[in-house]
Structures are given as structure tokens and as C-alpha cells.
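Colleague: I have a new model open and want to learn how to read it. Can we go through it step by step?

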Amino acid sequence: KIVILFALLIFALPLSGFACVGKTLLIGSTGGVQQELLANILAQLITERTGTSIKLVTHDSSSSAHQALLKDDLDIYVEYTGVGQVQILGGEPLQDADQLYEVVKKRYNEEMNLIWLKPLGFEAAEVSTLPMQAVPVARKDTLKKFPALARLINKLGGKIDAATIARLEVEAGSQGVKAVARTFLKQNRLI
């Protein structure tokens, strides 16, 4: 009996204070294999580690996903630093990737209560020389409702380099994004 009780406690601890009964997290993407992969990686990580229900929502653009975040129609999506700076904030293009991340992170937090988490580790392939680091962006109130969520998502920080995302995109073509996302998380011992 003690062993069973202990096992129940061990499995229940990661969920306590995390899963919101009746609350479904909305994770967005802006279409395309890369965005679908990243949304699925986030969704499976959160579901497997917390038991929280996830709904994936596809938007037709970064602007649309951003507006959904502001209206509380979305909780999290992966944005690119250059897009956030130029298209969303209307700021000047910055060539230094670290400086760009810090500027975008600060303005989103101060002006919109949106939190830029740790960069995933790669930049989107773009024609311009503007840095395009892929970074999960979440509503501040979502992170308050789910206290361990930021720490959990930040475990992905730096785990997906350019070679990895390219390989995952190719694999998704034959295996599907859900299967590839799951394999990636298992190989990295995240689930």
C-alpha cells in the first residue's frame, strides 16, 4: 500500500499547481511545416508533462496570430524576432541578433503584456539579413495561471539549431508533424 501511495504522489506532484481544470491552452501557428512542427512540439511537451489540454490553431499570418494573442484567443505561438520588431512593432531593423531579441522582448512585455521566452536556437531562413530567431511568445496572464509553464517551455531553449529544424522539416514530409515532434521530444528526453 505504501508503494502504491508513494507512486501516486510522485505522479501527481508534477501536475499540482499546474493543470487548470477545464482550461485548454491555445497554441498557434502561422502555417507551413516549420510552424506546424514547432506548435506540435510545444503542444506535446505541455500535454505530456502536465496533462493540460491543448488546441492547435492555425492563423494565416504573424499579424493574425499576434492579434489573437492580444485578444486572449491564443495563449502561445512561435514568432521570429525580426517579424516582431519590424512588422508587429513597426521598429527599425536591427542586425545584432541578441540586441534585437532584447529590444523585442522588452517592448512586448511593457507595451502588450506578452512574454518572449528563450530562443529555440535557430533563425528562420529569410532573404533579408535581418535576424529571425524563433522564440515562443506567451500571454503574461497565461504564464501566471500556469506557474511552471515558462520553465517547461524554456527547456526547449537552444535545443533546435538550424540543422535540426531542417532535418525535422524533411522528416515531417514523410512521417507527419505529430510523429516527428514526438520523436524529437523523446530523443531530447523532454518527454
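**Reading the fold**

Modeller: Take contacts between residues at least 6 apart in sequence: in this protein, 69% of them join residues at least 24 apart. Keep in mind that the model is predicted.

Colleague: How many helices and strands are there in the protein?

Modeller: Read along the sequence first. The pattern is α-β-α-β-α-β-α-α-β-β-α-α-α-α. The protein has 9 helices and 5 strands.

Colleague: What share of the residues count as buried?

Modeller: Buried means under 20% relative accessible area. The protein has 191 residues. The share that counts as buried is 43%.

Colleague: What is the order of the strands in the sheet?

Modeller: The sheet is open and has 5 strands, with mixed pairing. Neighbouring strands are turned against each other by 30 degrees on average, direction ignored. The order is 2-1-3-5-4.

Colleague: Which strands stand at the edges of this sheet?

Modeller: Look for strands with a single partner strand.

Colleague: How many bridges join strand 4 to strand 5?

Modeller: Strand 4 spans residues 114–116 and runs antiparallel to strand 5. Leucine 114 stands opposite arginine 139 in strand 5. The number of bridges is 3.

Colleague: Why is strand 5 largely enclosed by the rest of the structure?

Modeller: Check both ways its residues point. Ala134, Pro136 and Ala138 point one way, while Val135, Val137 and Arg139 point the other way, and all are buried. Strand 5 (residues 134–139) is largely enclosed because its buried residues number 6 of the 6.

Colleague: Which strands does helix 3 touch?

Modeller: Helix 3 (residues 62–70) packs on the sheet. Its direction makes about 140 degrees with that of strand 3. The strands touched by helix 3 are strand 3, strand 4 and strand 5.

Colleague: And at what angle to strand 3 does helix 4 run?

Modeller: Helix 4 covers residues 81–88. It lies across strand 3, strand 4 and strand 5. Its angle to strand 3 is about 85 degrees.

Colleague: How are helix 2 and helix 8 set against each other, roughly perpendicular or roughly parallel?

Modeller: Their axes come within 10 Å and cross at roughly 95 degrees. Angles of 65 to 115 degrees count as roughly perpendicular. Helix 2 and helix 8 are therefore roughly perpendicular.

Colleague: Which residues of helix 8 meet helix 2?

Modeller: The residues of this contact divide into 7 nonpolar, 1 polar and 1 charged. Helix 2 brings Val33, Gln34, Leu37, Leu38 and Ile41. From helix 8 come Ile165, Leu168, Glu169 and Ala172.

Colleague: Which residues have the most contacts inside the largest nonpolar core?

Modeller: This core has 56 residues. Its largest share, 8 residues, comes from helix 2 (residues 33–50). Beyond its neighbours within four places in sequence, tyrosine 108 is in contact with residues including His66, Ile88, Trp116 and Val137. The residues with the most contacts inside the core are Tyr108 and Leu156.

Definitions and conventions. Residues are numbered from 1 along each chain as its sequence is written. This is a predicted model: local features need pLDDT of at least 70, side-chain atom pairs count only at pLDDT 80 or more; totals for chains, interfaces and linings use all residues. Side-chain values use heavy atoms; hydrogens and water are left out. A nonpolar core is a set of buried Ala, Val, Leu, Ile, Met, Phe, Trp, Tyr and Cys residues joined through side-chain atoms within 4.5 Å. Buried means under 20% relative accessible area, exposed over 50%, partly exposed in between (1.4 Å probe, protein chains only). Helices (H or I, at least four residues) and strands (E, at least two) are DSSP runs, numbered from the N terminus. Contact means heavy atoms within 4.5 Å. Axes are lines fitted to C-alpha atoms, for helices over the stretch in contact, and angles run from 0 to 180 degrees between N-to-C directions. Angles under 35 degrees count as roughly parallel, over 145 as roughly antiparallel, 65 to 115 as roughly perpendicular and the rest as oblique. Ala, Val, Leu, Ile, Met, Phe, Trp, Tyr, Cys and Pro count as nonpolar, Asp, Glu, Lys and Arg as charged, and the others, Gly among them, as polar. Two strands pair if DSSP finds at least two bridges between them.
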